[in-house]
Number of protein chains: 4
Amino acid sequence: MTTDTPMQLGMIGLGRMGAGLTRRLLADGHTVAVNDVSADAVDALAAEGAVPAYDFAGLVAALDAPRAVWVMVPAGEVTENVIARLADVLEPGDAIIDGGNSYYRDDLRHASTLAEKGISFVDVGTSGGVWGAARGFSLMIGGDDATVGRLTPLFRTLAPGIAAADRTHGKDGEPLPGEEGWLHCGPVGAGHFVKMVHNGIEYGLMAAYAEGFNILKAANAGTPGTAAHDSQTAPMANPEYYQYDFKVDEVAEVWRRGSVVGSWLLDLTADALHASPDLAEFSGNVADSGEGRWTSIAAIDEGVPTPVLTTALYSRFASRDLDAYAEKVLSAMRKGFGGHVERPTGE
Amino acid sequence: MTTDTPMQLGMIGLGRMGAGLTRRLLADGHTVAVNDVSADAVDALAAEGAVPAYDFAGLVAALDAPRAVWVMVPAGEVTENVIARLADVLEPGDAIIDGGNSYYRDDLRHASTLAEKGISFVDVGTSGGVWGAARGFSLMIGGDDATVGRLTPLFRTLAPGIAAADRTHGKDGEPLPGEEGWLHCGPVGAGHFVKMVHNGIEYGLMAAYAEGFNILKAANAGTPGTAAHDSQTAPMANPEYYQYDFKVDEVAEVWRRGSVVGSWLLDLTADALHASPDLAEFSGNVADSGEGRWTSIAAIDEGVPTPVLTTALYSRFASRDLDAYAEKVLSAMRKGFGGHVERPTGE
Amino acid sequence: MTTDTPMQLGMIGLGRMGAGLTRRLLADGHTVAVNDVSADAVDALAAEGAVPAYDFAGLVAALDAPRAVWVMVPAGEVTENVIARLADVLEPGDAIIDGGNSYYRDDLRHASTLAEKGISFVDVGTSGGVWGAARGFSLMIGGDDATVGRLTPLFRTLAPGIAAADRTHGKDGEPLPGEEGWLHCGPVGAGHFVKMVHNGIEYGLMAAYAEGFNILKAANAGTPGTAAHDSQTAPMANPEYYQYDFKVDEVAEVWRRGSVVGSWLLDLTADALHASPDLAEFSGNVADSGEGRWTSIAAIDEGVPTPVLTTALYSRFASRDLDAYAEKVLSAMRKGFGGHVERPTGE
Amino acid sequence: MTTDTPMQLGMIGLGRMGAGLTRRLLADGHTVAVNDVSADAVDALAAEGAVPAYDFAGLVAALDAPRAVWVMVPAGEVTENVIARLADVLEPGDAIIDGGNSYYRDDLRHASTLAEKGISFVDVGTSGGVWGAARGFSLMIGGDDATVGRLTPLFRTLAPGIAAADRTHGKDGEPLPGEEGWLHCGPVGAGHFVKMVHNGIEYGLMAAYAEGFNILKAANAGTPGTAAHDSQTAPMANPEYYQYDFKVDEVAEVWRRGSVVGSWLLDLTADALHASPDLAEFSGNVADSGEGRWTSIAAIDEGVPTPVLTTALYSRFASRDLDAYAEKVLSAMRKGFGGHVERPTGE
């Protein structure tokens, strides 16, 4: 976070992410005109120093040309609408930044349409979640050199800066932008492509931890007197090997320090397990956004195998019981060849 | 099914499989002395021509030495007990056949223990399910040459015979035993090893069909007015591609004739889908026996990758909700980094 | 195969599949005008009774209106070109049948374009491979009722007929078309959709067998004196459990008769293993056509998990070394945290 | 790292890990008697302040009772031998610490055998790799309370200490041991069990990154003029979506700061990609140690699904071509049903 040159930016969408971006920009001296479908959200940020804009015309009026407007709204239909309406009120030379979780293929279409009006388009994959306002955001950027170059002061403010991580071994001299936490990845779409893969990796990392903690949690399966958690098979051959009662929250702590599996996701897991080792308040009904799906589709299109990433995606589908019919087919087959009758879970 | 030489056999365990084996042997002229924990089960088969034996001593008395006793009881503890008790009443030169779904590693132990008493041990992986009495059983056999050789007339009767399938291209002359549906796979344990892998493959095949039918069933996901079966993601990008209402029972039929995916499992699936295309009477709570697990463990021990077979096994675990804690960890992480709150299934 | 009414058909593309379809139609009394980029291929089938057509104009001239022309050429660009050129020479009321492995999404586009010219479009997923001419082809058909109805005599000839499989339990009375081996699955695209899923399942089934046979092949990994096939880990903990020398060709035979895993793919595997148990003439460089990929994409779009089918697809990618860079990343990480230096395979 | 009470320790095995442990202990004021099969290795550490011991008798003589000896040698046979020989020279009241990558099941056996001689056994899963001497080691410990309690000063020195990571949200007051980077996980075996799962997770994390970088690397697959890296399928349907040339080393940097996927493994990946973005010096022949295998076996025994972890393990097997026979079976099947002839990679 370092102010080269204070800039002006329009921000549309003041949810968790949009508000966080705005606050980080304000704190570094930039001017941010803010708009949201909720006037209350606009007022709240105005109270923190932003310029309120209750409609797109007002937003445009609040900014000097060439303008830059950051769209931070739900991917898909909402983003489509906002970009289309913005295109009607912006002027040639202005730029639209899509900072949401849009499909990179949509970026290509948007850039093409906007180019006809002389408006530039930049896609920014934005990672950092609710912690970004404080930690800084990791920014993966696609667009033409001139536009990305013009917006650089904004990106430098939003990014965490080089001090957020130890410098990579062998690097010295002037930091490259990636080392500050923002990267011009390539032409339009490149930012959301890299963010897409980032989220695909995220699914894989999360599943790896989740499966591991599940093994630890079930490590008492052989303890005499422990209610068998699974009656659908014969008794364990070696119950003596599964009589551990692990404190998973403590395990998360020890792994956070000095181990090979330390990560920010593990830090968050430690937070959650400290608050509630059994996680009983969760149903385990795991949503997925588009990026995990698109990552697997990209892998298939490219012909590169990503069994871990796709398996992680499918585990989320299964967590929402989207495999129900497949399971019924299995049960029907088992009845067919073996006369096996289903037993209810937990019997 | 062809009687070379009528033989005598003791059969312990008269469930679906044991009764089926007995009937097929009786029909071909063999003498079968039968025992079961249920006297009614013994009486029922006695009424069909078997020699009733209400205890092990009676079974032994009913057979001429050298005897052969087929144990067809649940794998694990029950099989252990029956073999131990049999060892006490049999004589040197007699043979015990374990036809159940035992772990091949247990066979090695049993053979070693029984050898001390001069009793031979043969393991027979027996496939065919409830249909075996009529179709014949596929027999995968482990043991020493002499004992397996002596028991050959039994195996030939039980197996389906060469006519059960067209002869493999390029084979001619005298059929090999495998072509009749029984195979001396190798020394003790070899039969159950091959049966283990057979069941591992079975899991994979079943999952492939089940997943495919699930895709067909969900192929109307883009139909307007169809209740979205999944609210955890954005709307479909291309609903026009998913507006098919497939009759899965008819699809099973067409695949049964001439297609590359024809199989006996598909025949059974067609039966089930004809009776109930929605399979609403099933919960989709899919049990697993030991073989699927042991197959994956064998692959890991050998260092050969079996991603499809193990994935199929894990899908069964997940069908019984054994991944519940892992899913909660995922939800907890998502809340941690993104403030995402779970939505219930179907919201 | 039963001639209701002899019909006329144009066939474009006389490769393995197109020639097989033509021969089966000729044998049942239909008239088939044939075209191919190779005049020799045309002449060869003319010698068997087909009407030769050396260009599309000749093909059209050889058929009475309303015509039906079956396109059996490689999916993608070639099919696109043939359909476009056919559309220029056919007349309103004629029909084009795409019997190749086209993406069902392309069918929707083709049908729409052709409808503007009054030409009907039918998509036929055709399974049966090189054996179809003799066994009959499994036909999965999409299109409007009138056109599919008009073409029914062709489909009945091409399909294997009800005798190709035992009738499903509980079915009686007049056979439904699916039972004859052809099925009108739904509107345009439905045929190729079902064929797509069919091929996706096929990948899963094939992988299940392949992985199983790999376990059997490696079951001697613990035999003393056997060259360790893998030096990258510690010695086996229990070598005594892995000292079997299985004859995989014999195992395939025994599974073909009476077992749960019997299938046509297993029959083919038995053929191959009989000819060459070690399969040394193969490199294991496994191609994939589009359907396997599209199946996984459909699953992802629908939100249904297909871990087994996608894993099977990815194994094919990996067989062609498309995971090479991923593997290098793993090696680089291992060197990074543990100082581990790679050893070459087989060291 | 904080000296409560200087202690004495014997260290057997002075490889990367053993030497690192020794140096960290010496630096904090403990006395370490060192032994190795290489006298040079002993001398080298003696030069840094350790007490040299050229045989086990010397090691025992150098320590006051009750002694503690840390065994840091390769898991399996070497560890077995060292523990057996140590048991012969140690006295009742002494303790053996196995800090290597042993199977936790072996710990149970070792503890039982040693208990007969009055010797305590403690298992310590030790993570940190070559960086541990500087960063501290993450220690996962199994054993009885008294012995673990007595050894606590050693563990506190070796662990990174609480400052190695920000404190978990909601934690305050006196740090628990886990927060210092060492954890008494439970009775004997518990340490290696947790370390086993740790390594299983590590495999999953590594594979997630590797697969993601592979997608990025192949993101130019649609660029005209780019040599197709895969000729086994039809051309891409949408080459315009795959024309990015990503700098993977820069991407690793940007993800290290502020993103959800930041981790120590990513830091190491950034190191490696900075040095060599193409990683051409690696063959991608990825070894696996026992823990990844044991993790999957534990999951199977417990009946909990770990598809991501096991898939990651299998990818390593496949990287060493251990799926070769399975791939040949696939090729043989494809030839069987479709007459498909293999094409070599890269054709």
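1. A:Arg316 sits in helix α13 of chain A, which covers residues 307-319. The model is predicted. Because the relative accessibility of A:Arg316 is 2%, and buried means under 20%, this residue counts as buried.

2. Next, helix α10 of chain D, residues 190-217. Buried or exposed? Mostly covered: 27 of the 28 residues of α10(D) are buried. The length of α10(D) also checks out. At 1.5 Å a residue, its 28 residues should span 40 Å, and the end C-alpha atoms are 41 Å apart, which agrees.

3. In chain C, look at helix α1 (residues 16-27) and helix α7 (residues 145-158). Their axes come within 9 Å and cross at roughly 105 degrees. Angles of 65 to 115 degrees count as roughly perpendicular, so α1(C) is roughly perpendicular to α7(C).

4. Which residues make the contact between these two helices? From α1(C) come C:Leu21, C:Arg24 and C:Leu25. From α7(C) come C:Leu154, C:Thr157 and C:Leu158. By class, the contact holds four nonpolar residues, one polar and one charged. On spacing, an α-helix has 3.6 residues a turn, so residues three or four places apart point the same way.

5. Now the chain copies. Chain C can be laid on chain D by a turn of 180 degrees and a shift of 0.0 Å along the axis, with an RMSD of 0.0 Å. That is why the relation is that of a two-fold axis. In chain C, the C-alpha nearest this axis belongs to C:Ala318, at 3.9 Å. Of the interface residues of chain C, 100% are also interface residues in chain D, so the copies meet through the same surface.

6. Chains D and A form another such pair. A rotation of 180 degrees with 0.0 Å of shift along its axis superposes chain D on chain A, at RMSD 0.0 Å. Which residue of chain D comes closest to the rotation axis? The answer is D:Ser263, whose C-alpha lies 1.9 Å away. Here too the same surface serves both copies, as 100% of the contact residues of chain D recur in chain A.

Key:
Residues numbered from 1 in each chain as written. Chains lettered and ligands numbered in written order. Predicted model: local features only at pLDDT ≥ 70, side-chain atom pairs only at ≥ 80, totals over all residues. Heavy atoms only, no water. Least-squares fit on C-alpha atoms with pLDDT ≥ 70 in both. Contact = heavy atoms within 4.5 Å. Axes fitted to C-alpha atoms, helices over the stretch in contact; angles between N-to-C directions. Helix = DSSP H or I, 4+ residues; strand = E, 2+ residues; numbered from the N terminus. Parallel < 35°, antiparallel > 145°, perpendicular 65-115°, else oblique. Nonpolar A, V, L, I, M, F, W, Y, C, P; charged D, E, K, R; others polar. Expected span 1.5 Å × (residues − 1). Buried < 20%, exposed > 50% of the residue type's maximum accessible area, 1.4 Å probe, protein only.
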